[in-house]
Amino acid sequence: MEIRVVRTKQPKVKPNDNELGFGQYFTDHMFVVDYKEGKGWYDARIVPYGPFEVEPSCMVFHYGQAIFEGMKAYLNKDGEAVAFRPFSNIKRLNRSAERLCIPQLDEELVWEGMKKLLELEKDWIPKTEGTSLYIRPFVIATDHHLGVRPSHTYKFFVILSPVGAYYKEGLQPVKIYVTDKYIRAAEGGVGFTKTAGNYAVSLYAAEEAKRKGYTQVLWLDAKENKYVEEVGTMNIFFKINGVLVTAPLDSGTILGGVTRDSVIELAKEMGYAVEERHLSIQEVYDAHEAGELEEVFGTGTAAVISPVGVLNWNDRIIEINEGRMGDVSQKLYDRITAIQYGKEEDKYGWIEKI
Ligand SMILES: *Cc1c(COP(=O)(O)O)cnc(C)c1O
């Protein structure tokens, strides 16, 4: 499919790298493709970033048929623009699409459009160490209709946002609140997809945790309120007696992170045992009691590795590794970012040049 390009006549003034934050600024252009039942995906185009019109009856506002992805483009040490494992994200977008009754996207078209958009916006990739250009692909249902059914029309977008270094003062461990009062995802549901509703459902518990002084919520399984699942927008790993343990993906309640997958591969290669298994929150606390809970960290595109310094489960508060980042967490962070910024050879085929 031809991708037409309409360039902006009013390029924006770019923000300074030190005022970026996360998701506050958007580049000059966006990639858009439309879908109509019977016609398929059509009119792939790069156009100026900006508002578009839909009616108040637009289905996505009412029934939440919406999916998204999150990935990053970086300038490597030689000044080339690169993306980290973009096809893993594109494939995951299609897995989310299937579950939400959204038509499958053509993976090649998505990548071509993304690449073309990134080429056009290359000057928007910030240069300071730790910064990147966040890529947000998403699909929304656009029928103007109030009956509950899958939409017959959709829009696919890719928008770009320059984002700041996640850790301005080094990797600061976060405080995590373990909730057994609220649940995020149940078996048979949509926990494994990046769909809007999963985030709407998480806000109330996250706000409650914030009021108590915690950064994010650690979710337990919905059936028994017993097994650790994931954290906000991160997967979570526990290093117990030398072994890295993380929740398995087979229950369909956890988002299979690209960072999670990368960490598992690198950790195994570095000689650590990794177990994808059910781990009860009681076992985590018992390990702490026995002096065997060595490190806890979250993994996700935004922070890469986020060390956890404190856990609170029913007011039982434990401190991990004296509230400092652990050695393995640090090593994994260093390896992944070295591959991303081209300081370490990419023998995994994870880096795609733009
Ligand atoms: C996006 C996300 C993750 C992390 O996935 P990455 O591909 O590593 O960025 C983990 N959990 C949830 C709920 C997420 O939305």
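**Close-up views of a predicted model**

**View 1. Asp261 in helix α6.** Asp261 has its place in helix α6, which covers residues 258–269. The model shown here and in the other views is predicted. With a relative accessible area of 35%, Asp261 is partly exposed. Tyr182 lies 79 residues from Asp261 along the chain, and the C-alpha atoms of the two are separated by 27 Å.

**View 2. Helix α6 crossing helix α8.** Helix α8 is made of residues 327–340. Its axis and that of α6 come within 10 Å of each other and cross at roughly 110°. Angles from 65 to 115 degrees count as roughly perpendicular, and α6 and α8 are therefore roughly perpendicular to each other. The crossing of these two helices is right-handed. On the α6 side, the contact is made by Thr259, Ser262, Val263, Leu266, Ala267 and Glu269. Leu332, Arg335, Ile336 and Ile339 make the contact on the α8 side. By type, the residues of the contact of α6 with α8 divide into six nonpolar, two polar and two charged.

**View 3. Helix α2 packed with helix α3.** Residues 86–99 form helix α2, and residues 107–120 form helix α3. The two pack at an angle of about 130°, and their axes are 10 Å apart. The crossing in which α2 passes α3 is right-handed. From α2, the residues that meet α3 are Pro86, Phe87, Ile90, Lys91 and Asn94. Their partners in α3 are Glu107, Glu108, Val110, Trp111 and Met114. The residues of this contact divide into six nonpolar, one polar and three charged.

View 4. Arg85 lies in the loop between strand β6 (81–84) and helix α2. Arg85 is buried, and its relative accessible area is 13%. Phi of Arg85 is near 50°, which is a positive value in a residue other than glycine. Most residues other than glycine have a negative phi.

**View 5. Asp43 in strand β3.** Strand β3 runs over residues 40–48 and holds Asp43. Although Asp43 is not a glycine, its phi is positive, at about 55°. Asp43 is partly exposed, with a relative accessible area of 29%.

View 6. Asn235 has its place in strand β12, residues 234–240. Its relative accessible area is 4%, so Asn235 is buried. Asn235 and Thr299 are 64 residues apart along the chain, yet their C-alpha atoms are separated by 5.2 Å. Thr299 is also among the residues in contact with Asn235 when neighbours within four places in sequence are left aside.

**View 7. Cys58 and Cys101, with no disulfide.** A search of the whole structure finds zero disulfides. Cys58 is in no disulfide, and the nearest cysteine sulfur to its own is that of Cys101, 17 Å away. A disulfide needs two cysteine sulfur atoms within 2.5 Å. The sulfur of Cys101 is 17 Å from the closest cysteine sulfur, that of Cys58, and is therefore too far for a bond. Cys58 is buried, with a relative accessible area of 0%, whereas Cys101 is partly exposed, at 47%.

Definitions and conventions: Residues numbered from 1 in each chain as written. Predicted model: local features only at pLDDT ≥ 70, side-chain atom pairs only at ≥ 80, totals over all residues. Heavy atoms only, no water. Buried < 20%, exposed > 50% of the residue type's maximum accessible area, 1.4 Å probe, protein only. Axes fitted to C-alpha atoms, helices over the stretch in contact; angles between N-to-C directions. Helix = DSSP H or I, 4+ residues; strand = E, 2+ residues; numbered from the N terminus. Left-handed = near helix turned anticlockwise from the far one by under 90°. Contact = heavy atoms within 4.5 Å. Nonpolar A, V, L, I, M, F, W, Y, C, P; charged D, E, K, R; others polar. Parallel < 35°, antiparallel > 145°, perpendicular 65-115°, else oblique.
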